[in-house]
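Here are my comments on the model you sent. Please read them with the structure open beside the text.

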Amino acid sequence: MGKDVIIACDFASAEQTFAFLDKFTGEKPFVKIGMELFYAEGPSIVREIKARGHRIFLDLKLHDIPNTVKKSMAVLSNLDVDICNLHAGGTIPMMEAALEGLTRPDGTRPLLIAVTQLTSTDQQHMEDDLWIHAPMADVVMHYAENAKKAGLDGVVCSPLEAKKVHDRCGSGFLTVTPGVRFADGEKGDQKRVMTPAQAKEIGSDYIVVGRPITAADDPVAAYRRCVNEFVD
Ligand code: C5P
């Protein structure tokens, strides 16, 4: 898979999601389904979106004992999603078990990427709550290297970290980056943002874009603008 724009479908119901996807008559964007929609609608939402011809990044961020993650990943693999994820904090044995669970009898599997430290966790909380006493940037890189060691395909990271991840883990190690905004757009609650063109420049493999597309007056035009800036 090459560079692409993934639309974060952060909707609360299937009805809202399909009302949104119905606007796309000429193309089938890659979509991200998160916990809210998955827990509201169950696996049928994944099957329905897949049946409409979209590729799917199922963003459920698994984190449990290796055996539980392995079995759960086998279920997600059967849903025929294209990308799944987990927390690198679950350790290398958990990530290795996840890969085993994802791999189908014919050897194929969805891509598997790791969340390093959530961007909502700051240095203070990492030290006080998690008792991790290293600089955040080093922790993020260490977790990315662990994901690579475990055999994963890449990480979710800020576009600002994408270059460093590629330098450390290789250019083939995928960087999937949220926090993307148009130069003339609202930043909303995202603090460290980049435009699609800057994300391309810095080497992101996939950008995850939510509100700049989902809340736009013309979502299809906003999606095409992202593709033009990032892919073309
Ligand atoms: O609407 P917006 O473009 O901010 O959406 C970004 C998407 O990426 C959301 O689904 C958000 O949960 C997700 N995300 C993020 N930052 C991270 C990880 C995931 O914004 N560090």
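1. Basis. This is a predicted model, in which local features need pLDDT of at least 70 and side-chain atom pairs count only at pLDDT 80 or more, while totals for chains, interfaces and linings use all residues. Residues are numbered from 1 along each chain as its sequence is written, and side-chain values use heavy atoms, with hydrogens and water left out.

2. The largest pocket. Its volume is about 1,200 Å³. A pocket here is an open set of points on a 1 Å grid over the protein atoms alone, where a 1.4 Å probe fits, with protein on both sides within 12 Å along at least five of seven lines. Grid points are joined across faces, edges and corners, and the volume is the space filled by probe spheres set on the points. The lining has 43 residues, and Leu118, Thr119, Ser120, Pro178 and Gln190 are the closest to the centre. A lining residue has an atom within 4 Å of a point.

3. What the lining is made of. Seen by class, 18 residues are nonpolar, 13 polar and 12 charged. Nonpolar means Ala, Val, Leu, Ile, Met, Phe, Trp, Tyr, Cys and Pro; charged means Asp, Glu, Lys and Arg; the others, Gly among them, are polar. Elements that each supply at least two lining residues include β2 (30-34), α2 (35-41), β3 (56-62), α7 (136-149) and α8 (159-169). Helices (H or I, at least four residues) and strands (E, at least two) are DSSP runs, numbered from the N terminus.

4. The nonpolar cores. In soluble globular proteins, nonpolar side chains tend to be buried together. The largest nonpolar core here has 64 residues. A core is a set of buried Ala, Val, Leu, Ile, Met, Phe, Trp, Tyr and Cys residues joined through side-chain atoms within 4.5 Å. Buried means under 20% relative accessible area, exposed over 50%, and partly exposed in between (1.4 Å probe, protein chains only). Among the residues with the most contacts inside this core are Val5, Met73, Leu112 and Ile213. Helix α7 gives the most to it, with seven residues. A second, separate core has 12 residues, including Ala8, Phe30, Val156 and Val176.

5. Leu112 up close. Leaving out residues up to four places away in sequence, Leu112 touches Met73, Cys84, Asn85, Leu86, Met95, Ala98, Leu99, Leu102, Leu152, Asp153 and Gly154. Contact means heavy atoms within 4.5 Å.

6. Aromatic rings. How many aromatic pairs are there? The count comes to five. Rings of Phe, Tyr and Trp (its six-membered ring) pair if their centres lie within 6.5 Å; planes under 30 degrees apart are stacked, over 60 edge-to-face, and the rest tilted. Phe11 and Phe20 form a tilted pair, at 5.2 Å centre to centre and 45 degrees between the planes. Phe11 is buried at 13% relative accessible area, and Phe20 is buried at 4%. The rings of Phe38 and Tyr39 have centres 6.3 Å apart and planes at 65 degrees, so this pair is edge-to-face. Here Phe38 is buried at 13%, whereas Tyr39 is exposed at 61%. Ring pairs also link Phe11, Phe20, Phe24 and Tyr223 into a cluster.

7. Thr175 sits in strand β7 (residues 174-177). Is it buried or exposed? Thr175 is buried, with a relative accessible area of 0%. Its contacts beyond four places in sequence include Val155, Cys157, His166 and Tyr206. Lys163, in helix α8, is partly exposed at 47%. Lys163 and Thr175 are 12 residues apart in sequence and 8.7 Å apart, C-alpha to C-alpha.

8. Two backbone angles to check. Most residues other than glycine have a negative phi. Lys61, in strand β3, has a positive phi of about 45 degrees. Thr91, in the loop between β4 (83-87) and α5 (92-102), has a positive phi of about 85 degrees. Both are partly exposed: Lys61 at 24%, Thr91 at 42%.

9. Ile207. This residue lies in strand β8 and is buried at 0%. Among its contacts beyond four places in sequence are Val5, Ile6, Pro196 and Phe230.
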